[in-house]
Amino acid sequence: MFREFSNRQGEESQSGDVITLVPDIQDGAQKKILNAMSMDVDESDRLELKSRMHNRLLDALNLTVLDKIEEDSLRSEIGKLLTSFLREEGRAMRSETLKTLVEELMHEVLGLGPLEPLLADPTVSDILVNGHNQVYVERGGMLEKVETRFRDERHLLRIIDKIVSRVGRRIDESQPWVDARLEDGSRVNALIRPCSVDGPALSIRKFAKIPLTMDLLIGRGALNQSAASLLKGLVDAKMNILISGGTGSGKTTMLNALSSYISSRERIVTIEDAAELQLQQEHVVRMETRPANPNGAGAVHQRDLVRNALRMRPDRIVVGEVRGSEAFDMLQAMNTGHDGSMTTVHANSARDALSRIEQMVQMGGLDLPHSAIRATIASAIHFVVQLTRMSDGSRRVISISEITGMEGGVVTMQDIFIYKRRGKDENGRVLGEFTPTGIRPKASEALAAAGIDMSMIQFTRGPK
Ligand SMILES: Nc1ncnc2c1ncn2[C@@H]1O[C@H](COP(=O)(O)OP(=O)(O)OP(=O)(O)O)[C@@H](O)[C@H]1O
Ligand SMILES: [Mg+2]
């Protein structure tokens, strides 16, 4: 084994006894020896030791063959090398500590170092690194600080570089931010000096291995069954839907859940900056934008892809999030026979969502009068689903509103469903309920005509 992946083959004979001393983790006798050594590594010493051991390991291991080695063999090899290094330095370590160090070094060599345990933890949904010695995670909707640390700024930069170079991008002073994706689909943004003032910042939105379906969302109190039936009806009847919400309010999750209602007979084209949607249908064409190359050329924007999508005979177009001039093309698509299209927008209320779209269209430089833009919006978008991340970390649909037309140059809309907050319980959890406003949507007839079972949806107040 040693011969296979060590660079230090010349030293191998010298280290013959080292191999016998190795605390091979399975070897009980060796474990006993190490347990007997009471001297252990002080926690404050650990990072420094790990760093030194890591550097020595990198020198000793033949990195070119690392990919081909079984994980268990590598683990045992790292254990061996580590014991020999420790012996050379005259240090001893408890086998438990050594085992932890071996795992950490495995993560350093094969993965993303200190981030690995957080990436493997299914309860963590976001990982936020603010410089090398401050890491927060989001669990159950709430942010909490964790003990994870990087050795120093260089260590964090090395991990960032590993993430970025794996997807063929780069980050440096001239391009100090980058969007990337981990192998498992998690979304990553990295920002380094000079734009990140206190050292590299890394934000990871972990890919939901088990996507939240509408039933799971109902189970988590994001909406109730009746609201979900209304949403299903809207998708079945090919209404154009805008999902609106603040950052991390669950827009992408809701878009994904809603898309699952699209019939598998339809051809769906999705357009995203970083493919996060996980549509289960078979007939899906997924598109992703591309940043410019280091020479500033080759960028592909959402607008280009929306335009291209129109030439691909889509039944429905799903855009991950509209942020710029593609808003106009999206509205055009919605208005020209691609009914049942959906997108999300970053806004704090349904009304605000419409103004954001209006601003985006203006940004496109088309020089259209306000009234023309608003009329396009009013006829293109049929419903707005507003989401909020509440103070207790929960995400909820707080309104489902119908766009009803234009009056005096203003887009008119009415709420069909709202979430009424009643207060908080003793644990700070938000209390409230979903209630129909009592207004029957103008689109009811269209829904009924599309064969939607309206009896499943409660429009009147009070118990059904
Ligand atoms: N109803 C919910 N209950 C619990 N967790 C949820 C709910 N909706 C979304 N989440 C989780 O919240 C996180 C953010 O969700 P999502 O990515 O959908 O938000 P977003 O609004 O699209 O965020 P961004 O603005 O960053 O694009 C994810 O980890 C997701 O799994
Ligand atoms: Mg999103």
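Trainee: In which helix is His155 found?
Mentor: Good place to start! This is a predicted model, where local features need pLDDT of at least 70, side-chain atom pairs count only at pLDDT 80 or more, and totals for chains, interfaces and linings use all residues. Residues are numbered from 1 along each chain as its sequence is written, and side-chain values use heavy atoms, with hydrogens and water left out. Helices (H or I, at least four residues) and strands (E, at least two) are DSSP runs numbered from the N terminus, and His155 belongs to residues 153-166, helix H8.

Trainee: Is His155 buried or exposed?
Mentor: Buried means under 20% relative accessible area and exposed over 50%, with partly exposed in between (1.4 Å probe, protein chains only). His155 has a relative accessible area of 1%, so His155 is buried.

Trainee: Leaving aside neighbours within four places in sequence, which residues is His155 in contact with?
Mentor: Contact means heavy atoms within 4.5 Å. With those neighbours set aside, the partners of His155 are Glu108, Pro114 and Phe150.

Trainee: How many bridges join S7 to S12?
Mentor: Strand S7 covers residues 241-245 and strand S12 residues 383-389, and the two run parallel. Ile241 stands opposite Phe383 in S12. The number of bridges joining S7 to S12 is five.

Note on methods:
Chains are lettered from A and ligands numbered from 1 in the order in which they are written. Two strands pair if DSSP finds at least two bridges between them.
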